[in-house]
Amino acid sequence: MPRLRVVQSSAEPLIANMEISPDGQAISLNASYQRDVRYIFTPSNWILGSIGIWPVAFRGIGQHISKLTVLICNFVLSFAILPCALHIIYDQKDLNIRLKLSGLLGFCSTAMMKFFVLVIRRPKIRECIEHIKDDWWQVKFKPERELMLKYASAGRKLSIISASSMYTAGFIYHLVLPFCTVHKIANQTIRPLVYPTYSQFIQTQVSPLYEIVYLAHCMCGYTMYTITAGSCGLAAIFAAHACGQIGVIASKLEDLPHGKNYGQITDVNKRIAAIVKSHVRVLRFAALVDEILQEVCLLEFISSVFTMCLPEYFCIVDWQDSDAVGLTTYFLLFISFCFNMYILCYIGELLMEKSSQIGSICFTIDWYQLPVKSIRSLILVIAMSSHPIKISAGRMLDLSLATFGNVLKTSLAYLSFLRTIIM
């Protein structure tokens, strides 16, 4: 059923793409509107909604569910980070184990900071979601919907693959790897914990305290991997939507002299005005996405540079020790970290490439068939496309495939440094 929506003062762009029902409400001409929106947002809704990030409107007591979820996630992260840090500083003397725990601690700390950023940016995330819904609401022609679905499907797949890789590696690390090593002190078997605790704390080997601590550690792992996978998936969905809108603008530009995809708009100047409005709308959306993701991307970049070398190092160690479970676990973690960083860099590269193509299309269309005054109007579109859309890491560097290559080279340099010092 088509979705009913009350017309607001900001709904001027919707007038050409809606019908008015007898009760005075607007009906979108996109009959698949609700299905399309569910298709796009379902993965992120499930992933980020489980940690209270997804901006969902509740009524009554449901308004406090999100706040309670955020508090619980912060508690389980702190519950694992603080005792582990004290254990590294005061208890642990083995350098290899210190390195292993330091990488884990760094990943936990980075995830916690990203979580704070996402909580603060939740109103902006809601704004982006509403922006995407409005764009799908305004879809009128079938080719436009198919083009938008093409990019939306790509963003959805990237989100699902990122979550699958992170959860698979995390499942093995938290539920399999700790039980593959047996520790004994004075002929007493020590039950394993994912994150070691400080020796001065209450004894954690006694039931049911051990089960409670282990469950809290598993919840911490789920929260960390959800934050990482959810932020990358959210970036993929937002960037895919921007690319889809750019593709729609490009198709309208190519059809500008002929006007087959403009409905009843016969005036060339009105067609150009519609293109410029759509282009400005995409640029504003991209600026909002960059504002949401710049701190997350910076933290992901720093984490990747300093922690990706540790799974590489322990893959070599476990290979030499013939530890198949450890080798598999750290290899999957390394692949997951690489893939998440690659997603961010790939969508940054894709946005730059797609947005810069709009100016090139203005040269390749049959512009000589347009009136002279209308041709001059295309100069504004060319000038705007000369500054392509970019996603930055803290506004210090732009994310691109070249950036991803630099991350890999830097991690390999740190790996060589570790091997030289320890091995």
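In helix H4, the buried residues (under 20% relative accessible area; exposed means over 50%, partly exposed in between; 1.4 Å probe, protein chains only) include Arg 122, Ile 125, Cys 128, Ile 129, His 131, Ile 132, Asp 134, Asp 135, Trp 136 and Trp 137. Helix H4 has 16 residues. From first C-alpha to last, H4 reaches 22 Å, close to the 22 Å expected at 1.5 Å a residue. The expected span is 1.5 Å times one less than the number of residues in the helix.

The model is predicted; local features need pLDDT of at least 70, side-chain atom pairs count only at pLDDT 80 or more, and totals for chains, interfaces and linings use all residues. Residues are numbered from 1 along each chain as its sequence is written, and side-chain values use heavy atoms, with hydrogens and water left out.

The chain has 11 helices and 7 strands. Helices (H or I, at least four residues) and strands (E, at least two) are DSSP runs, numbered from the N terminus. The chain has 423 residues, of which 50% count as buried. Its accessible surface comes to about 21200 Å² (Shrake-Rupley method, 1.4 Å probe; for residues, only the protein chains shown count as cover), and 62% of that surface belongs to carbon and sulfur atoms. Contacts (heavy atoms within 4.5 Å) were also counted by sequence separation. Among the contacts with a separation of 6 or more, 77% come from residues 24 or more positions apart.

Salt bridges were assigned by distance: a side-chain nitrogen of Lys or Arg lies within 4 Å of a carboxyl oxygen of Asp or Glu. The count comes to 8 salt bridges. One of them joins Asp 36 and Arg 145, with the closest N and O atoms 2.9 Å apart. This pair links distant parts of the chain. Asp 36 lies in helix H1 (residues 33-49) and Arg 145 in helix H5 (residues 142-175), 109 residues apart. Asp 36 is buried, at 3% relative accessible area. Arg 145 also counts as buried, at 18%.

A salt bridge also forms between Glu 291 and Lys 124, at 3.9 Å from N to O. Here too the pair links distant parts of the chain: Glu 291 is in helix H7 (residues 268-307), Lys 124 in helix H4 (residues 122-137), 167 residues apart. Glu 291 counts as partly exposed, at 23% relative accessibility. Lys 124 is partly exposed as well, at 27%.

Asp 398 forms a salt bridge with Lys 390, with the closest N and O atoms 3.5 Å apart. Asp 398 is partly exposed, at 32% relative accessibility. Lys 390 is partly exposed, at 39%. Shared partners join the salt bridges of Arg 121, Lys 124, Glu 291 and Glu 295 into one network.

Helix H7 also contains Glu 300. Glu 300 is buried, with a relative accessible area of 5%. Neighbours within four places in sequence aside, Glu 300 is in contact with Lys 114, Thr 228, Asn 340, Met 341 and Leu 344.

The structure holds 0 disulfides (cysteine sulfur atoms within 2.5 Å). Cys 108 is in no disulfide; the nearest cysteine sulfur, that of Cys 220, is 4.7 Å away. Cys 220 is likewise in no disulfide. Cys 108 is buried, at 2% relative accessibility. Cys 220 is buried, at 0%.

Aromatic rings were treated next. The structure holds 13 aromatic pairs. Rings of Phe, Tyr and Trp (its six-membered ring) pair if their centres lie within 6.5 Å; planes under 30 degrees apart count as stacked, over 60 as edge-to-face and the rest as tilted. Phe 107 and Tyr 225 form a tilted pair, 5.8 Å centre to centre, with 35° between the planes. Phe 107 lies in helix H3 (residues 95-120) and Tyr 225 in helix H6 (residues 209-254), so the pair ties together parts that are 118 residues apart in sequence. Phe 107 is buried, at 9% relative accessibility. Tyr 225 is buried, at 4%.

Tyr 167 and Tyr 222 form a stacked pair, 5.8 Å centre to centre, with 5° between the planes. The pair links Tyr 167 in helix H5 to Tyr 222 in helix H6, 55 residues apart. Tyr 167 is partly exposed, at 27% relative accessible area. Tyr 222 is partly exposed, at 38%. Ring pairs also link Tyr 173, Tyr 313, Phe 314 and Tyr 330 into a cluster.
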